[in-house]
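Please look over the sequence and the structure shown below. The paragraphs after them go through a few parts in turn.

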Amino acid sequence: MTSPLPPLPVRRLGPGDLAACSELAVSRDWGAEERKWRFLLTHGTGWGIDAPDGRGLAATTVLTRYAGGLAAVSMVLVAARYEGRGVGRRIMTHVLGEAGDDTVTLHATDRGRPLYEKLGFRTVGTVVTHRGGFRPPAADEPDPAAPRPAGEADLPALLALDAEVFGADRSPLLQDLPRFAERTLVTEEDGRLTGYASAWRNDGTLVLGPIVADTTAAARRLVTAIARDAEGPVRLDLRTEDPLRHTLPAWAAAHGVLPAFPNTLMVLGDRDLPGDDARRHTPLMLALG
């Protein structure tokens, strides 16, 4: 049985740590995802523990805080040779201290969930990652509510809608979408913006998110419009625990985007996630909620 390590210093991560972060991720069977790491370290604060043996990083995480008191913890990784020695608890305890009184959320793998439960997180839902080649449905009659490309003039309404749906001001992150995302589409009704979807490229996969829509039918239209001409596999991270409300998983699977692996959506303590869950169909990325 391995013994716990003495408390190790936790330090800020920066752009110079990108290669070490990707190396640690690959060692734990994640993708390198350097573009995702760069985005997270731009909009959040990365924390790391240097490996005592001098071989890269022993642990990482990123804390992204939003105005309004919501925070997301992501990219929690521990090198295999330090697993079970208190390193994960050490870095999580540090990052929760940095989060202060924010409502803290994360998406947990089966490997990480026992630690998060010990730290006071509780399960509030399940998100299943779907991946595959999207087969668009047969064309119907022209749709007067068909999504259209987002323009600069849509940004104020898009930011207001996102804040309402996610319960926090995520303006800095969303203002970066034109640079980060390949496409962003919006839906509107009677001149009012009612939904939007973005798609961004991650290690050869087109990731769809966020997807915000007032109905499941509108969400399907956004997915179809943004993924119809996708080259390569498409990824959707979809809620599944209520099949009457969350019908996108079955629809996505019927169109070639198949369930791959689950994650547990968790919140610290007895708080609830803010915002409107019914309109929150997929996150920007599991890391950010």
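What volume does the largest pocket have? The largest pocket has a volume of about 1200 Å³. The model is predicted, and local features need pLDDT of at least 70, side-chain atom pairs count only at pLDDT 80 or more, and totals for chains, interfaces and linings use all residues. Residues are numbered from 1 along each chain as its sequence is written, and side-chain values use heavy atoms, with hydrogens and water left out.

A pocket is here an open set of points on a 1 Å grid over the protein atoms alone, where a 1.4 Å probe fits, with protein on both sides within 12 Å along at least five of seven lines. Grid points are joined across faces, edges and corners, and the volume is the space filled by probe spheres set on the points. Lining residues have an atom within 4 Å of a point. The largest pocket is lined by 41 residues, and the closest to its centre are Trp30, Val76, Leu77, Thr109 and Arg111.

Which elements supply the lining? At least two residues each come from strand E4 (70-78), helix H3 (87-99), strand E5 (103-108), helix H4 (113-118), strand E6 (121-132), strand E10 (205-212) and strand E12 (258-268). E4 gives the largest share of the lining, six residues. Helices (H or I, at least four residues) and strands (E, at least two) are DSSP runs, numbered from the N terminus. Sorted by class, the lining holds 17 nonpolar, 12 polar and 12 charged residues. In this sorting Ala, Val, Leu, Ile, Met, Phe, Trp, Tyr, Cys and Pro count as nonpolar, Asp, Glu, Lys and Arg as charged, and the others, Gly among them, as polar.

Strand E12 also takes part in strand pairing, where two strands pair if DSSP finds at least two bridges between them. E5 and E12 run antiparallel and are joined by four bridges. Across from His130 stands Pro259 in E12.

Thr264 lies in strand E12 too. Is Thr264 buried or exposed? Thr264 counts as buried because its relative accessibility is 9%, where buried means under 20% relative accessible area, exposed over 50% and partly exposed in between, with a 1.4 Å probe and protein chains only. Not counting residues up to four places away in sequence, Thr264 touches Leu106, His107, Ala108, Arg113, Thr123 and Gly125; contact means heavy atoms within 4.5 Å. With Arg113, the side chain of Thr264 makes a polar contact of 3.2 Å. A polar contact is a pair of N or O atoms within 3.5 Å; within protein, one must be able to donate a hydrogen and the other to accept it, and residues adjacent in sequence count only if both atoms are side-chain atoms.

A charged residue, Arg239, is found in strand E11 (residues 234-239). Arg239 has a relative accessibility of 12% and therefore counts as buried. Its side chain is joined to that of Asp277 by a polar contact of 2.7 Å.

Pro136 is in the loop between E6 and strand E7 (148-149), and at 33% relative accessibility Pro136 counts as partly exposed. Pro136 is 116 residues from Ala252 in sequence, but their C-alpha atoms are 9.6 Å apart in space. Apart from neighbours within four places in sequence, Pro136 is in contact with Thr224, Arg228 and His255. Ala253, in helix H9 (residues 248-254), is partly exposed, with a relative accessible area of 26%. Ala253 and Arg135 are separated by 118 residues in sequence and by 9.7 Å in space, C-alpha to C-alpha. Leaving aside neighbours within four places in sequence, Ala253 is in contact with Leu258 and Pro259.

Backbone geometry comes last. Most residues other than glycine have a negative phi, and most peptide bonds are trans. Asp29, in the loop between helix H1 (18-27) and helix H2 (34-43), has a positive phi of about 65 degrees although it is not a glycine. Asp29 counts as exposed, at 71% relative accessibility. Asp190 lies in the loop between strand E8 (183-189) and strand E9 (192-202) and has a positive phi near 50 degrees. At 78% relative accessibility, Asp190 counts as exposed. In strand E10, where Pro210 is found, the peptide bond from Gly209 to Pro210 is cis, with omega near 0 degrees.
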